[in-house]
Amino acid sequence: MVFSSLVFLCVFLPIVLLGYYLIPSLKAKNCFLIAASLLFYAYGEPVYVLLMLGSILMNYGFGRWLEAANRGRKGITALAVVLNLGLLFVFKYLDMMIQTVNQLAGSRFPLAGLALPIGISFFTFQALSYVIDVYRGEAKGEKSLACVMLYISFFPQLIAGPIVKYHDIREQIHDRKGDPSEIAFGLRRFILGLSKKVLIANPMAVTADALFAEQVFSTPAAWTAAVAYLFQIYFDFSGYSDMAIGLGHMFGFCFLENFKYPYISKSIQEFWRRWHISLSTWLKEYLYIPLGGNRRGKVRTCINKLIVFFATGLWHGANWTFVVWGLWHGLWMLAEEALPFLKKMPGFLRHLYTLLVVCVGFVMFRADSFGQGIRMIGAMFGKASLSRQPALLAQLTPLFFATLAFAVIGSLPVAKWMKCRMYQKKTWVRIWESAGFLYSLALLVLCLLNLSAGTYNPFIYFRF
């Protein structure tokens, strides 16, 4: 089940929200949310819900073990890390490794053929966060299995993030309150995210998928596909994060922001402070700093950063194209430190350079193979060809241009700026808030009409 489906919007969410607030005690509310979350996951993954439950039980056990142990705590934590990453490797990366060995060695080892459990990267990283926080003393090992189960399986962030670290949410699991203003805020934030997904990301996906499916690319078609995907992935991913944050507020939880207008960045370093913040901070806290961070000299710092970006790429999918995408960003981040002129360019040029690096990187991210990615990047910077112009013309519709205009505006902090200006004048506050509710209602109606019409609604997190 995905958030942008009529089953979730018209059946699951209203029932769960109503049931949650009819239950009096917090303990019972938590149990109700666990049951709802397991049902949510089992709707699409009826078998692999057992895998998630096994992961929860295993990491709950490690937390209790660490809490009771006076010696050998580092070994216990290492075992937990190995088992969690081993589980992730078997289900997500085993076939990738077998294919790589077969290609390099000319062997014919059969593929395991295991279906990828949706969201396994998200719930595995959250489970590791819990165990490592207990090891570091930043949290106590939970006596209640239900608390650990709610933390890992809570449906708003289960299949598409953001990655919630245990020490950020522990207190909210044990003590939280919901009030009408929080529910209203959460609902508006959810509708905003749903609108990003349905009204911008989905139309951009139609163009991107159609043009990426071509075997030969003209220069205009390659750039159109790249720009369409640039906006598709941002509005899809940030839209899901907005929906998760909004759902959290509806149930009394406060999740940290995951995107902060990354396309206004003027460096790759700034981009990663604004893009998928939950993943970058998780890797910083649990990988980069334990590796030594920047405390062991320049060479070791460069190696540590490349390891982090290698992991960033690999986390996104079991394909070497993702690794290339991650290393592409890592190398440009190192280049910014080694080449001072990149930081001294005028702001407009730094912004343009950052967008260009990000856009080219996303071409390889989206490509099904190295060959396709290289052909498209080559077409972007090569001599224009008219061999596939009809495929491009079929995509250049009024809907595409209108969506592109809204995408450009939506990727800039225009609404944030307008809100700040409005709130400087008290007389405009009520007008802004009233308009916001009407605006949200109109967006919700548009989204429901689009979904009812059966428009293209891809789920791009199946590889995560």
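I began with Ala226, which is buried in this predicted model, since its relative accessible area comes to 2% and buried means under 20%. I then looked up where Ala226 sits, and found it in helix 9, which covers residues 219-250.

Next I asked which residues Ala226 touches once its neighbours within four places in sequence are left aside. The contacts I found are Cys359, Val363 and Met380. I also checked a pair that lies 134 residues apart along the chain, Ala226 and Val360, and their C-alpha atoms are separated by 7.4 Å.

I turned to Phe125 in helix 5, residues 120-136, and noted that Phe125 is buried because its relative accessible area is 7%, where buried means under 20%. Leaving aside the neighbours within four places in sequence, I listed Leu88, Ile163, Leu279, Trp282, Leu283 and Trp315 as the contacts of Phe125. For Phe125 and Gln215, which are 90 residues apart along the chain, I found a C-alpha separation of 37 Å.

How far apart are the end C-alpha atoms of helix 4? I found 40 Å for its 33 residues (73-105), which falls short of the 48 Å that a straight helix would reach at 1.5 Å a residue. I also recorded that helix 4 bends by about 65 degrees at Tyr93, and that Gly106, which follows helix 4, has a positive phi near 70 degrees.

How values were computed. Residues numbered from 1 in each chain as written. Predicted model: local features only at pLDDT ≥ 70, side-chain atom pairs only at ≥ 80, totals over all residues. Heavy atoms only, no water. Helix = DSSP H or I, 4+ residues; strand = E, 2+ residues; numbered from the N terminus. Buried < 20%, exposed > 50% of the residue type's maximum accessible area, 1.4 Å probe, protein only. Contact = heavy atoms within 4.5 Å. Expected span 1.5 Å × (residues − 1). Bend = angle between axes of the 7 residues up to and from the residue.
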